[in-house]
Amino acid sequence: MFFNLKLKDYFFLSIFSLLPVTILIGPAISLINILLITLSFLVIFYKKLFFYILNERIIIILCILYSYLIFNTFISIDFESSFLRNFGFIRYIILFIAINFFFLNFENLKFIINFWIFVIFVVLFDVIFEAYNGYNILGFVSENKKRIVSFFKDQQVIGAFINGFVFVIIGFFFRNFDKKAKLQKVLIFSFVLVTLMCLIFTGERSNTIKLFLGLIIFFYLNNKITFNYKIFFLFSGLCIFIFIITISGEVRHRYNNDIIIKLSNIEKRNNYIYFQLYKSGFEVFKRYPILGAGNKNYRVEACKKSDDEDKKILCITHPHQIYLELLSEHGIIGTLIILIILYYLIFKNLKIILKKNNSIQIGCFSYLIVNFIPILPGGSFFADFNSNFFWINLSLLYASSPNTNVFKRLSN
């Protein structure tokens, strides 16, 4: 091995802890970080451990998913567009294995989540700062005054970033909630409500709805939280939303003019960008109903030159809805393969999670589920940015308890 045990642990603690920081810096840096995790893990891999994981059902299922994606590359309408995304998916399988292996020791996870908490606190402060001043603490200004960019400079995705980590953090805070002092409970609920407030300020309606629905799922499944606290959260969340749209013209415009007025007016509804995107996604699906156009090939089909007068398909990277993205790029067969595998992985240990009332796992489960809410728009599922959050949460769904960790038999 390249380094002794203590140095190895510090190394992995550092690169796991820096995951949210590298995502904030940019896609290239976050990709380097995840590759560093996966390649370093392979370097220190024991041969007997390699044979062990090949006998683990979850790993086999992930390999089946990877095999399908490789197949999808070869039936894509444009091989080059699918190649890197599909072949590069192997890093998420290795990341899943590495997180499960490294987090057999819960103290490792505790240290990392504490650092993530610090990062999220900085981000939440920055969102409030930008909402008040019109620019973030680094001076970044959003081109759309109704949206907040925070540290992402020219991308309006800070809400997705917060959601990607905050469910893990909330689950961490709610551990042994029934045994905490009243002041601790107040501070925890304050954090949850401040997070919700920040999401509303970002102007990212879909991610705000996902956060709110995810929190409802989290509170419903967590039996250590009393009914009164659950009602208090629901009432407080609604009050915060009403208060913010009352005092903020930009937020009010996002939820009133951009949603209520357009949805109530047939002409405006037909011109609503997401209706056009969804129609475009369905149109591509109709052209490739069985196997789809290929992963990352929606943009190829949507942007190719056409003499169609109706121009049914918008030239854009993806249809901004997970089911339409899957159907258009993977067809009925591929979509069923992907959804069956992902649903199995997400729901497999739900009974154990609820029985043990592991709040971190409940938080991860809540995040994963809201990704599959119909109709709501979202980023491309297989794009690096969204895949990072999904696979970190799915990995922690298994890794954060010895009852579900894929290496639990080795630890017994």
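At what angle do helix H15 and helix H17 pack, and how far apart are their axes? The legends below take up this pair, then other parts of the predicted model.

**View 1. Packing of helix H15 (residues 273-287) with helix H17 (residues 322-347).** The two helices pack at an angle of about 10 degrees. Their axes lie 8 Å apart. Angles under 35 degrees count as roughly parallel, and H15 and H17 are therefore roughly parallel to each other. H15 brings Tyr-278, Gly-281, Phe-282, Val-284 and Phe-285 to the contact. H17 contributes Leu-324, Leu-327, Ser-328 and Ile-332. Seven residues of this contact are nonpolar and two are polar. None is charged.

**View 2. The buried residues of H15.** H15 has 15 residues. From first C-alpha to last, H15 reaches 21 Å, close to the 21 Å expected at 1.5 Å a residue. Its buried residues are Leu-277, Tyr-278, Ser-280, Gly-281, Glu-283, Val-284 and Phe-285. An α-helix has 3.6 residues a turn, so residues three or four places apart point the same way.

**View 3. Helix H10 (residues 182-202) and the glycine after it.** H10 has 21 residues. Its first and last C-alpha atoms span 30 Å, close to the 30 Å expected at 1.5 Å a residue. Gly-203 follows H10. The phi of Gly-203 is positive, near 80 degrees.

**View 4. Ser-236 in helix H12 (residues 227-247).** Is Ser-236 buried or exposed? Its relative accessible area is 12%. Buried means under 20%, so Ser-236 counts as buried. Phe-189 sits 47 residues away along the chain. The C-alpha atoms of Ser-236 and Phe-189 are separated by 9.7 Å.

**View 5. The whole protein, for context.** The protein has 21 helices and zero strands. Of its 412 residues, 52% count as buried. Consider contacts between residues at least 6 apart in sequence: 72% of them join residues at least 24 apart. The protein exposes about 19500 Å². Carbon and sulfur atoms supply 66% of that area.

Key: Residues numbered from 1 in each chain as written. Predicted model: local features only at pLDDT ≥ 70, side-chain atom pairs only at ≥ 80, totals over all residues. Heavy atoms only, no water. Axes fitted to C-alpha atoms, helices over the stretch in contact; angles between N-to-C directions. Helix = DSSP H or I, 4+ residues; strand = E, 2+ residues; numbered from the N terminus. Parallel < 35°, antiparallel > 145°, perpendicular 65-115°, else oblique. Contact = heavy atoms within 4.5 Å. Nonpolar A, V, L, I, M, F, W, Y, C, P; charged D, E, K, R; others polar. Expected span 1.5 Å × (residues − 1). Buried < 20%, exposed > 50% of the residue type's maximum accessible area, 1.4 Å probe, protein only. Areas by Shrake-Rupley, 256 points an atom, 1.4 Å probe, with all protein chains shown as cover.
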